[in-house]
Amino acid sequence: MTSCITEQPETLASAHVPAELYDGLGARHATISPKFLYDALGSKLFEAICELPEYYPTRTEAAIFARHGAEMARAIGLGSTLIDLGAGNCAKAASLFPLLRPSQYVAVDISVEFLHDALNRLRQRFPHIAMEALGLDFSSGLELRNNVRAEKRLFFYPGSSLGNFTPPEARAFLRRLRRNCGPDGGLLIGIDLVKDKAVMDAAYDDALGVTAAFNLNVLRHVNGLLDADFDIRGWRHVGFYNEAMGRVEMHLEAKTPQRVRWPGGGRDFAAGERIHTENSYKYRQADAMSLLETAGFEATRVWTDPHCPFAVIHAQAAN
């Protein structure tokens, strides 16, 4: 089957993007939404992060899939409509194709160019699977087109990306998934669990500086979106686990006073002032299960790693 890219109204080309960035940069404590980390270059840098020894989530989750994939397939069943949220290079979903044998694969990602390349490669390996790709910012809405099968929808959300939402945002997001998955649908989700602070700190501030490059790249991206003049050399990456908030935080910190301008406005940053670019909340397993239940799912199976706290959960739509 051929795959097609359908750009939806919520891509980063949308008219609301400048206003969203202006609001974040103009706030008392400046922010840039983590979705802006994932332009074409940012997506490639994140791929590199996933190969780093410090970045445990990818290899831990991959080990769970490798060890328990057959059990997952028995729990889920064959012939699902596999909807991959934040698909990136589609590699995680593709590794499950031989086991799940989906009838349709729907790849969803905010980086349309990166997604297009990934789907072109993937369809050559699996020509028998119907494929559709959506360039969509699903963090704020989820509208699936009519050519996405309604039967047996399985939302696939690996990589602990749920942690980018605050707990109330995560609950609202999961409820949107529940409304879209129908009575026979479900969710296969990876959730990072609380662990030693030093392990988490290293994962988000690696020795090679790849995570720093990934974070700093957002300023280059914002320059292009706003015609701004951030000087990337004037900023440094800061990443750490905030125990009080239960989350890893990423910031960009001004090394020296910075004056940033864009058409119609700008902002001055003092030395040491930060722009908050990402949160990654970590959960205890019981809290993750409770969150799914309040969103309308019933957690049917949980698979974990014996060496590094991480969970892959299959949850069915509750009646």
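The axis of a helix is here a line fitted to the C-alpha atoms over the stretch in contact, and the angle between two axes runs from 0 to 180 degrees between the N-to-C directions. The structure described is a predicted model.

In this model, helix 1, residues 16-26, packs against helix 8, residues 210-226, at an angle of about 125°, and the two axes are 10 Å apart. That angle makes helix 1 oblique to helix 8. The crossing of these two helices is left-handed. Helix 1 contributes Val17, Pro18, Leu21, Tyr22 and Leu25 to the contact, while helix 8 contributes Val222, Leu225 and Leu226. By class, this contact consists of 8 nonpolar residues, with no polar and no charged ones.

Helix 8 also packs against helix 2, residues 40-49, at an angle of about 170° and with the axes 9 Å apart. Because angles over 145 degrees count as roughly antiparallel, helix 2 is roughly antiparallel to helix 8. On the side of helix 2, the contact is made by Leu41, Gly42, Leu45, Phe46, Ala48 and Ile49; on the side of helix 8, it is made by Val210, Thr211, Ala213, Phe214, Asn217 and Arg220. The residues of the contact between helix 2 and helix 8 divide into 8 nonpolar, 3 polar and 1 charged. Phe46 and Phe214 also belong to one aromatic cluster, together with Tyr38, Tyr55 and Tyr204.

A pair of aromatic rings is described by the distance of the centres and the angle of the planes. The count for the model comes to 16 aromatic pairs. In the pair of Phe138 and Tyr157, the ring centres are 5.9 Å apart and the planes stand at 85°, so the arrangement is edge-to-face. Phe138 lies in the loop between strand 4 (130-135) and strand 5 (153-157), whereas Tyr157 lies in strand 5; the pair therefore ties together parts that are 19 residues apart in sequence. Phe138 has a relative accessibility of 11% and counts as buried. Tyr157, at 4% relative accessibility, also counts as buried.

Apart from neighbours within four places in sequence, Leu174 is in contact with Leu162, Leu187, Ile189, Leu291, Leu292, Ala295 and Phe297. One of these residues, Ala295, is 121 residues from Leu174 along the chain, and the C-alpha atoms of the two are separated by 5.7 Å.

Note on methods: Residues are numbered from 1 along each chain as its sequence is written. This is a predicted model: local features need pLDDT of at least 70, side-chain atom pairs count only at pLDDT 80 or more; totals for chains, interfaces and linings use all residues. Side-chain values use heavy atoms; hydrogens and water are left out. Helices (H or I, at least four residues) and strands (E, at least two) are DSSP runs, numbered from the N terminus. Angles under 35 degrees count as roughly parallel, over 145 as roughly antiparallel, 65 to 115 as roughly perpendicular and the rest as oblique. A crossing is left-handed if the near helix is turned anticlockwise from the far one by less than a right angle, and right-handed if clockwise. Contact means heavy atoms within 4.5 Å. Ala, Val, Leu, Ile, Met, Phe, Trp, Tyr, Cys and Pro count as nonpolar, Asp, Glu, Lys and Arg as charged, and the others, Gly among them, as polar. Rings of Phe, Tyr and Trp (its six-membered ring) pair if their centres lie within 6.5 Å; planes under 30 degrees apart count as stacked, over 60 as edge-to-face and the rest as tilted. Buried means under 20% relative accessible area, exposed over 50%, partly exposed in between (1.4 Å probe, protein chains only).
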